[in-house]
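This briefing is set out by topic for reading alongside the sequence and the model. Please keep both in view while going through the points.

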Amino acid sequence: MAKYFDVHPDNPQARTITQVAESIRSGALIAYPTDSCYALGCRLGSRDGIERIRTIRRLDDRHHFTLVCQDFAQLGQFVRVDKDVFRAIKASTPGSYTFILPATREVPRMLQHPKKKTVGVRIPDHVVTQSLLAELGEPLLSSTLLLPDEDEPMTQGWEIKDRLDHVLDAVVDSGDCGTEPTTVIDFSSGEAEIVRKGAGDTSRFE
């Protein structure tokens, strides 16, 4: 049965955020809100968490997982970013974008695309997520909470708790955060390729 954490969207309770972070460090798989929609998240090196996300979403090994980072300094530890790409990403973060970039050695091989050796990264513009990342001190390994055969992610914490109670360890609920996933930009070739149009404006990358 998943623990349920009711978190204020503008002033997250510090004690609750600490409890959530501790559960992640202990290996928990959580559902949590972001600036685009709810996501599944676990600790960076959690092989069990990765496999559980794959099972819940029915993902194959070509799926790009995302490292949700607190800031640009943290993001830079996990991906290689040249000068031109740096400027483009810096101008778009924090925000509802996921960027696919070459992974550094800090990224476990099981998270990298098997052929491209890339990984997704993003910096969310969401108070609760930022508070959690600050407390955790490392990125969250994440994937959009979009279930198989469904067109839109779930938007309510109580609904997530009700439907996924048996496969999650915790649900962080801070209210509705929308149904539109992030815009995905692939910079692995050095040029911007729009992989998915979502919540982030794509005009600067076109």
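Ser92 is buried in this predicted model, because its relative accessible area is 5%, which falls under the 20% cut-off for burial. The residue is located in the loop between H4 and E5.

**Surroundings of Ser92**
- A polar atom of the Ser92 side chain lies 3.0 Å from the backbone oxygen of Ala88.
- Not counting residues up to four places away in sequence, Ser92 touches Tyr97, Phe99, Arg204 and Phe205.
- One of these, Phe99, is also among the residues of the largest nonpolar core that touch the most other members.

- Leu29 occupies the loop between helix H1 (14–25) and strand E2 (30–32).
- Leu29 has a relative accessible area of 0% and therefore counts as buried, the cut-off being under 20%.
- Apart from neighbours within four places in sequence, the residues in contact with Leu29 include Leu40, Gly41, Cys42, Arg52, Ile53, Ile56 and Leu168.
- Between the C-alpha atoms of Leu29 and His63, which are 34 residues apart along the chain, the separation is 18 Å.

**Nonpolar cores**
- The largest nonpolar core contains 41 residues, and Leu67, Phe99, Leu145, Ile160 and Leu168 touch the most other members.
- At least two residues of this core come from each of strand E3 (39–43), helix H2 (47–57), helix H3 (72–75), helix H4 (83–90), strand E5 (97–102), strand E6 (118–122) and helix H6 (157–164).
- A second, separate core has 18 residues, including Ala21, Ala39, Leu133 and Val172.
- With neighbours within four places in sequence left aside, Leu67 is in contact with residues that include Leu44, Phe78, Val107, Leu111, Val119, Val121 and Leu140.
- In soluble globular proteins, nonpolar side chains tend to be buried together.

**Overall dimensions and composition**
- The protein has six helices and 10 strands.
- The C-alpha trace spans about 45 × 35 × 30 Å along its principal axes.
- Of the 206 residues, 54% count as buried.
- Among contacts with a separation of 6 or more, 66% join residues 24 or more positions apart.
- The accessible surface comes to about 9800 Å², with 45% of it belonging to carbon and sulfur atoms.

Conventions:
Residues are numbered from 1 along each chain as its sequence is written. This is a predicted model: local features need pLDDT of at least 70, side-chain atom pairs count only at pLDDT 80 or more; totals for chains, interfaces and linings use all residues. Side-chain values use heavy atoms; hydrogens and water are left out. A nonpolar core is a set of buried Ala, Val, Leu, Ile, Met, Phe, Trp, Tyr and Cys residues joined through side-chain atoms within 4.5 Å. Buried means under 20% relative accessible area, exposed over 50%, partly exposed in between (1.4 Å probe, protein chains only). Helices (H or I, at least four residues) and strands (E, at least two) are DSSP runs, numbered from the N terminus. Contact means heavy atoms within 4.5 Å. A polar contact is a pair of N or O atoms within 3.5 Å; within protein, one must be able to donate a hydrogen and the other to accept it, and residues adjacent in sequence count only if both atoms are side-chain atoms. Accessible areas come from the Shrake-Rupley method with a 1.4 Å probe; for residues, only the protein chains shown count as cover.
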